[in-house]
Amino acid sequence: MPIVIRVLVSFASLLLAAHALRMGNLGLFGAILWCTALLYTRYAWARLVLMCIMVAGAINWLLVGHDLILFRHMANAPWVRLCFIMTTVLALTVSALAVLATPTAKTLFPRQNEAARAQAGAFVLTIALLEAVRSMAPFPLLLVDRFFPGWGQLEIIFLATYAAWVAGRLLNRTTARQTRRYTWALFSTAFFAQLFLGLAGISRMLMTGTLHLPVPALILAGPIYRGQGYFMLILFSASVLILGPAWCSRLCYIGAWDDISCRRMMPGKMGLGGRPVAWRTVTLVFTVGMAAFFGWKQASPTVAVSVAAGFGLIGLAFMAASSRNGHMLHCTLWCPMGLIANIWGKLSPWRIIISQDCTACGACSRVCRYDALTALDLERKKPGLACTLCGDCIGVCNKNHIGYGIYNRSSRKAEHVFLALAAGLHAVFLGVARI
């Protein structure tokens, strides 16, 4: 029976790959072959992904069969034989879907069964978002499409597989903290590597050729100053609505540097006044005020860029201070986008929930780099406003008194959904976020 399942599903997948090759879509051809290879892994999420592919394949054959038969019929050409062939192919694909749903098929994919739905969700989400971006963008956004036109779907499938792997690591509480740090650093490295390679002369590494400083505050200040160019602000707002303030701890290209800097020491007292909201309120007012003033006065881009560069350099000084403090001082005291994410993120349903049974042992406080779990916060059983849903605190609580939830209800299912979204968006940003 296992051999029958693998042969049937492989044959159904190869038919889809052959159809993509016949249509001249080499990227989709390679992507389907990659997915076929998942059949020979033992990860539970791979079975769910293959089931999704069989569903998509069945819909494809229905549409293709309908169009071909209708064309033959209107041309007064023979169509009965074609109808039989397309019905057979459709039946084969549906049969492959059916056998993948059997208990026997489940035994072929025993690994990480608990995380399977979240991993498959991250996989499908990555494909859906990147395909949407790829089809709607007026120019190629994916690097593979830029260097090898038509092969972008192969990059998409690799990123989707990576997203599934990341989701599995994040759902394992013993590896979640390390995985978040490393994948976040990987994203930031890829972001800036593309910038430097673009500036070095490989223009296809850049998004449009119109450069701006990689300072997060400019996500807000840029549109205010120019009166246009709202793409990054819309992307930021949408990301925060989906993930809440986790944008700061997973998707910000600068925050990863602050994270690396502060890891040299364990968090101590916040220092520098220790008032994250007050500090960032000042920087937010400064950012909005200066951008509006420069726009009103029609200040030259040179002046605006100089002030923005100075703002960014001060931020680097805060990062240097992070290395001696253990807290992410740039993110918690300087970056105005962090404050916006904390406040705007309240519209998102995701929360860190502290159980009423919490004994306030302080284990979570000792790993919180955002100073969001002070003694007062633990007493109130609610993280402070600076919380970015990084989840570092969850893995160190031996009694499971802290975890992800929706609004005020802690739930393991909510954790699975949140981390699937986080892994998917991380993979999407890794694929398209460039200057």
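**Strands, cavities and salt bridges**

Guide: In strand β2, G403 is the bridge partner of I353. The model is a predicted one, in which local features need pLDDT of at least 70 and side-chain atom pairs 80 or more, while totals for chains, interfaces and linings use all residues. Residues are numbered from 1 along each chain, and side-chain values use heavy atoms, without hydrogens and water.

Visitor: In which sense do β1 and β2 pair, and over how many bridges?

Guide: Two strands pair if DSSP finds at least two bridges between them; strands are DSSP runs of E, at least two residues, and helices runs of H or I, at least four, numbered from the N terminus. Here β1 (residues 350–354) and β2 are antiparallel over 5 bridges. Between β2 and β3 the hairpin has 2 residues, and Y407 takes a positive phi near 55°.

Visitor: How many residues of β2 are buried?

Guide: Buried means under 20% relative accessible area, exposed over 50%, and partly exposed in between, with a 1.4 Å probe and protein chains only. For β2 (residues 402–406), 4 of 5 residues are buried.

Visitor: What volume does the largest cavity have, and what lines it?

Guide: A cavity is a set of points on a 1 Å grid where a 1.4 Å probe fits but cannot get out; lining residues have an atom within 4 Å of a point. The volume is the space filled by probe spheres set on the points. Of the 4 cavities of 30 Å³ or more, the largest has about 90 Å³. Its lining includes I352, Y370, C390 and D392.

Visitor: Which residue forms a salt bridge with R180?

Guide: A salt bridge is a side-chain nitrogen of Lys or Arg within 4 Å of a carboxyl oxygen of Asp or Glu. The count is 9. R180 pairs with D392, the closest N and O atoms being 2.9 Å apart. R180 is in helix α9 and D392 in the loop between α18 and β2, so the pair ties together parts 212 residues apart in sequence. Both residues are buried.

Visitor: Where do D377 and R380 lie?

Guide: Both are in helix α18, 3 residues apart, about one turn of the helix, and their side chains form a salt bridge at 2.9 Å, N to O. D377 is buried, because its relative accessibility is 7%; R380, at 44%, is partly exposed.

Note on methods. 1 Å grid on protein atoms, 1.4 Å probe; cavity = no way out; pocket = protein on both sides within 12 Å on 5 of 7 lines; lining within 4 Å.
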